Amino acid sequence: MEEKNIQKNHKLVVNNRRTSLVTGVLDVLSFDLGEVLLETQQGMLMVKGSDLHVNRLSLEKGEVDLSGNIDSIAYSDAQPGGKSGENLFSKLFR
């Protein structure tokens, strides 16, 4: 069966730095109370803050709902799992 590669739109909505809706999510690479790392249609997305929670995750729809105290949001074109991606993020977020 032929696999269709349909590119979804990516959207990031932040409400009062407390909640966030992200669409176009391909994978959740890691998450804890201080940081969430997502692979999106537009590259890697790192959300930093405190008391962060993934309230809803639907990889079929490509959607993630986050809540907590959002301090920063950063994009990167680095690919996950590679040495270059690890070095880039370690330099950006020291």
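How many salt bridges does a search of the whole structure find? I ran it and got four. I counted a salt bridge where a side-chain nitrogen of Lys or Arg lies within 4 Å of a carboxyl oxygen of Asp or Glu.

Notes on the source. This is a predicted model, where local features need pLDDT of at least 70, side-chain atom pairs count only at pLDDT 80 or more, and totals for chains, interfaces and linings use all residues. Residues are numbered from 1 along each chain as its sequence is written, and side-chain values use heavy atoms, with hydrogens and water left out.

Entry: glutamate 35 and lysine 48. I looked up this salt bridge and found the closest N and O atoms 3.8 Å apart. Glutamate 35 lies in strand 4 (residues 35–40) and lysine 48 in strand 5 (residues 43–58), so the pair ties together parts that are 13 residues apart in sequence. I then checked exposure: buried means under 20% relative accessible area, exposed over 50%, partly exposed in between (1.4 Å probe, protein chains only). Glutamate 35 is partly exposed at 25%. Lysine 48 is partly exposed at 22%.

Entry: arginine 56. I found a salt bridge from arginine 56 to glutamate 63, with the closest N and O atoms 3.0 Å apart. Arginine 56 also meets aspartate 65 in a salt bridge, at 2.9 Å from N to O. Shared partners join Arg56, Glu63 and Asp65 into one network. I noted the relative accessible area of each. Arginine 56 has 31% and is partly exposed. Glutamate 63 is partly exposed at 21%. Aspartate 65 is partly exposed at 22%.

Entry: I traced strand 1 (residues 11–15) against strand 2 (residues 19–23) and found them antiparallel, joined by five bridges. I called strands paired if DSSP finds at least two bridges between them. Asparagine 15 stands opposite threonine 19. Three residues sit between the strands, and asparagine 16 takes a positive phi near 55°.

Entry: a surface patch. I found Val14, Ile73 and Tyr75 in a nonpolar patch, with about 220 Å² of accessible area together. My patch rule took residues with over 30% relative accessible area and no salt bridge, joining nonpolar side chains (Val, Leu, Ile, Met, Phe, Trp, Tyr) within 5 Å and like charges within 9 Å. Areas come from the Shrake-Rupley method with a 1.4 Å probe; for residues, only the protein chains shown count as cover. Isoleucine 73 is in strand 6 (residues 63–76). Its relative accessible area is 32%, so I logged isoleucine 73 as partly exposed.

Key: Helices (H or I, at least four residues) and strands (E, at least two) are DSSP runs, numbered from the N terminus.
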